[in-house]
Amino acid sequence: MRIENIVLREIQMRLRAPFETSFGVTHDRRILLVEAIVDGLSGWGEVTTVESPSYNSETPDTAWHVISDFIVPRLIGRDLPHAADIFPLLSPIRGHQMAKAGVENAVWDAEAQLKGVPLSKLLGGTGEEIACGVSLGIRESPQALVRKVDEEVRSGYQRIKLKIKPGKDLDFVAAVRKEFPTIRLSVDANSAYDLRDASHLKALDEFDQPLQWDDIHSHAKLQRQLHTAICLDECINNAAHALAAVEQGACRIINIKLGRVGGHSSARQVHDICQQHSLPVWCGGMLESGVGRAHNIAMSTLPNFTLPGDVSASHRYWNEDIIEPAVEVTPSGTIRVPRGPGLGYAVKRDLMDRLTVRARDWKADVALPV
Ligand code: OSB
Ligand code: MG
């Protein structure tokens with residue numbers, strides 16, 4: 001497999017509704033897309049940074065810089081047996097997982113297309129459909145949140161995740177729990193608390209990363225004080241972090257985000273460590289366009305993804321997605337895994353071109369800005 005050409009572009013897409021987390025409100029997404037042309041076929045990857053360094057340390061601009069100046073020069077013109085060979089080639093670049101993942105994942109898509117198999121199968125996935133949940137941004141009032149939960153439960157989603165922050169937590173969660181006593185519920189604080197909040201947090205149900213973004217140790221202390229499961233998100237950026245968290249008892253669930261861990265190779269390692277330790281995983285979301293969403297669907301077919309992920313229908317985010325068909329969710333809250341080669345969705349080039357605000361193109365043997 002020869003990487004002949006890499007095209008990096010930034011697209012801007014407006015969310016259908018603003019999304020509020022403990023670190024801020026997002027209206028417009030800045031998304032980098034990577035097209036890797038491998039043996040004449042285009043594979044696609046998405047860089048899942050948010051707009052500011054508030055979820056992790058990356059932004060669209062740090063990813064643009066690192067891809068342009070460090071990742072592309074290491075890969076352009078290379079002949080590789082597998083997309084999995086990219087991960088070790090990029091290990092001299094410290095961090096910048098989301099930048100790496102965008103590129104590595106594009107080559108995974110290309111490899112699956114070249115082999116004529118769905119990406120899910122190339123990754124080792126099984127199953128025809130994946131279980132879906134939704135992540136709901138912070139709302140004005142508990143009543144508004146209950147109305148939104150009602151809508152999503154009626155659509156069939158199998159798990160509801162509520163974003164919380166100090167001052168918008170217990171009342172909101174209690175109102176939802178009262179109205180929906182049996183739904184699978186979790187709450188995501190995106191690192192907005194610290195250990196002094198332990199007694200306050202005990203009143204809540206289930207957690208997605210309450211404490212500092214990079215602090216496995218404090219989560220271990222908190223998990224010992226709670227009955228309910230902590231799910232780590234921001235803390236787990238590679239297989240070593242996953243092993244540390246598992247062995248220290250810092251969580252009972254891990255959410256895997258392809259970008260956060262650096263792409264499919266690393267995601268599989270994290271998945272396998274969790275599986276060996278009987279810790280279930282689920283697929284996290286980063287308000288992706290269809291390209292990133294399609295990668296999430298493929299990854300979610302791995303056998304230890306036993307909990308519903310934050311992978312939901314395109315129309316919850318976008319008026320028009322950049323892939324076709326758009327991702328749809330069945331009335332029982334599942335997504336059917338596409339059977340076509342690669343990602344199994346087609347990229348809408350016209351729409352993507354209209355949304356593109358900058359692009360850069362590298363060809364094998366010469367590296368010239370467009
Ligand atoms: O913590 O999962 C998170 C969005 C941006 C940054 C962090 C997170 C999220 C989400 C979005 O929860 C989930 C989705 O894509 O639906
Ligand atoms: Mg989270």
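Thr 59 is found in the loop that runs between strand E3 (41-47) and helix H1 (60-75). The model is a predicted one. Thr 59 counts as buried because its relative accessibility is 11%, and buried means under 20%.

Apart from neighbours within four places in sequence, Thr 59 is in contact with Thr 49, Val 50, Glu 51, Ser 52 and Pro 53. His 96 is 37 residues from Thr 59 in sequence, and the C-alpha to C-alpha separation of the two is 9.5 Å.

## The magnesium site

Which residues coordinate the magnesium ion (ligand 2)? Asp 188 and Asp 233 do, each through OD, at 2.1 to 2.2 Å. The pair links distant parts of the chain, the two residues being 45 residues apart. Asp 188 belongs to strand E7 (residues 185-188), while Asp 233 is in the loop between strand E9 (230-232) and helix H9 (239-248).

Are these two residues buried or exposed? Asp 188 has 0% relative accessibility and so counts as buried. Asp 233 is buried as well, because its relative accessible area is 0%.

## Strand E1 and its partners

Strand E1 (residues 3-21) pairs with strand E2 (residues 24-38) in the antiparallel sense, over 14 bridges. Two residues lie between E1 and E2, and the two strands form a hairpin. Within this pairing, Gln 12 stands opposite Arg 30 in E2.

E1 also pairs with strand E15 (residues 356-363). This pairing is antiparallel and runs over seven bridges. Here Arg 9 has Ala 359 of E15 opposite. As a general point, side chains in a regular strand alternate between the two faces of the sheet.

## Aromatic rings and charges

How many aromatic pairs are there? The count comes to one. The pair is formed by Tyr 317 and Trp 318, with 6.3 Å from centre to centre and 35 degrees between the planes. This pair is tilted, because planes under 30 degrees apart count as stacked and those over 60 as edge-to-face. Tyr 317 has a relative accessible area of 10% and is therefore buried. For Trp 318 the relative accessible area is 3%, so Trp 318 is buried too.

Two arginines lie over rings. Arg 316 lies over the face of Tyr 317, at 5.5 Å from the ring centre. Arg 358 has its charged end over the ring of Trp 64, 3.9 Å from the centre of that ring.

Note on methods:
Residues numbered from 1 in each chain as written. Chains lettered and ligands numbered in written order. Predicted model: local features only at pLDDT ≥ 70, side-chain atom pairs only at ≥ 80, totals over all residues. Heavy atoms only, no water. Pairing = 2+ DSSP bridges. Helix = DSSP H or I, 4+ residues; strand = E, 2+ residues; numbered from the N terminus. Donors = N, O, S within 2.8 Å, 3.2 Å for Na, K, Ca; no water. Buried < 20%, exposed > 50% of the residue type's maximum accessible area, 1.4 Å probe, protein only. Contact = heavy atoms within 4.5 Å. Phe/Tyr/Trp six-rings, centres within 6.5 Å; stacked < 30°, edge-to-face > 60°. Lys NZ or Arg CZ within 6 Å of the ring centre and 35° of its normal.
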